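Student: Hi, could you walk me through how the helices and strands in this structure are arranged?

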Amino acid sequence: MKETALITGASSGIGKEMCILHAQAGKDLVIIARNEKDLNGLKAQLESQYDIQVHVISKDLTDATAVDEIIKDLEQHSIQVEYLINNAGFGKVGMFADSDWETSLSMIQLNVIALSHLCRRILPQMLERNSGRILNVSSTASLMPGPLQAVYFASKAFVRSFSNALSEELKESNITVTNLMPGATETNFAKTAGLQDTALFDDTASAHSVASTGYKAMMEGKMDVTAGITLGQSLMLKAIPFTPKKLVLNQVRKMQEDNS
Ligand SMILES: NC(=O)c1ccc[n+]([C@@H]2O[C@H](COP(=O)([O-])OP(=O)(O)OC[C@H]3O[C@@H](n4cnc5c(N)ncnc54)[C@H](OP(=O)(O)O)[C@@H]3O)[C@@H](O)[C@H]2O)c1
């Protein structure tokens, strides 16, 4: 396989759009998500449209053994990963005290543990070749605490911090780590999180535009990039460190309250 990108959360939304972008560049793919039917459909579509190979791994990344099984599968098929795109993730709105603990655990396992474990397993191979790029999808949520999605916002703060730290550790190498921070984007995310009827999702960007911005930033080796936000939102995010914390917390909570 050539210049292979491993993309998690490839069956829909931002991840699927990133698969299409990589295929358009004439490069091979390893696509991962739980829905095998959707992954096989995407493989058939991309292999018929472009001169590339797509390897499907249907896996629930909340399983503690998932990453080891993925690495074994890659070894069995002699696949070298040049681009690692950790995109799979989900959120869930609600008061933490009322939340389902199993859902929070799965969220941490997917958004935090699987992401860092994949970096830990694939990075040494990149270092050996002194070549590779990593794109970790966090969120603008990584920039503030998130009342009504406390675990999700914290998980994305982990992704941002972790990615930036790796980027510094790798600065003498040819490997780059990019932290992509999308704003509200038109995907299955809002429905899964229960956020469809909130002010947060009044205005959404397309999955294609967010994926394009992130993919380009990864190719350019940028450390951080936001995507799918307006100029006003960008200015608000920049003002967060200078805004009283209680005001920020109150605003974030209001944005996530049900308006229906
Ligand atoms: N949409 C937004 O507004 C927004 C904003 C900021 C950040 N983000 C981040 O962007 C990333 C992509 O989300 P999206 O917006 O494209 O949402 P999406 O359409 O719901 O896509 C999520 C992807 O993750 C996969 N996934 C979910 N649980 C999984 C599991 N247990 N194991 C393996 N794969 C799993 C899903 O596939 P299967 O269901 O087939 O497993 C799907 O391919 C996430 O990390 C999200 O936090 C989204």
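Predicted model: local features only at pLDDT ≥ 70, side-chain atom pairs only at ≥ 80, totals over all residues.

Student: Okay, how many strands does the open sheet have, and in what order?

Tutor: The open sheet has 7 strands, and reading across it the order is β3-β2-β1-β4-β5-β6-β9, with parallel pairing.

Student: Which ones are the edge strands?

Tutor: The edge strands are β3, residues 54–58, and β9, residues 224–227, and each of them pairs on one side only. Going from one strand to the next, the twist averages 15°.

Student: Can you zoom in on one pair, say β5 and β6: over how many bridges do they pair?

Tutor: Strand β5, which covers residues 132–137, pairs with strand β6, residues 175–182, over 6 bridges in the parallel sense. Within β6, the residue that stands opposite I134 is V177.

Student: And what holds strands together in general?

Tutor: Strands of a sheet pair through backbone hydrogen bonds, and the pairing can be either parallel or antiparallel.

Student: Switching to helices, where does α5 lie on the strands?

Tutor: Helix α5 lies across β5, β6 and β9, and it runs at about 155° to β6.

Student: How does α4 sit against α5?

Tutor: The axes of α4, residues 101–129, and α5, residues 150–169, come within 9 Å and cross at roughly 10°. Angles under 35 degrees count as roughly parallel, and that is why α4 is described as roughly parallel to α5. The crossing of these two helices is right-handed.

Student: Which residues make that contact?

Tutor: On the α4 side they include M107, I108, V112 and L115, while on the α5 side they include V151, Y152, F158 and F162. Sorted by class, the contact of α4 with α5 has 12 nonpolar, 4 polar and 1 charged residues.

Student: What about α1 and α2, at what angle do they pack?

Tutor: Helix α1, residues 13–24, packs with helix α2, residues 36–49, at an angle of about 20°, and their axes are 10 Å apart. That angle makes α1 roughly parallel to α2, and α1 passes α2 in a right-handed crossing.

Student: And who touches whom there?

Tutor: The contact is made by K16, C19, I20 and A23 of α1 together with L42, Q45 and L46 of α2. By class, the residues of this contact between α1 and α2 divide into 5 nonpolar, 1 polar and 1 charged.

Terms used. Residues numbered from 1 in each chain as written. Heavy atoms only, no water. Axes fitted to C-alpha atoms, helices over the stretch in contact; angles between N-to-C directions. Helix = DSSP H or I, 4+ residues; strand = E, 2+ residues; numbered from the N terminus. Parallel < 35°, antiparallel > 145°, perpendicular 65-115°, else oblique. Left-handed = near helix turned anticlockwise from the far one by under 90°. Contact = heavy atoms within 4.5 Å. Nonpolar A, V, L, I, M, F, W, Y, C, P; charged D, E, K, R; others polar. Pairing = 2+ DSSP bridges.
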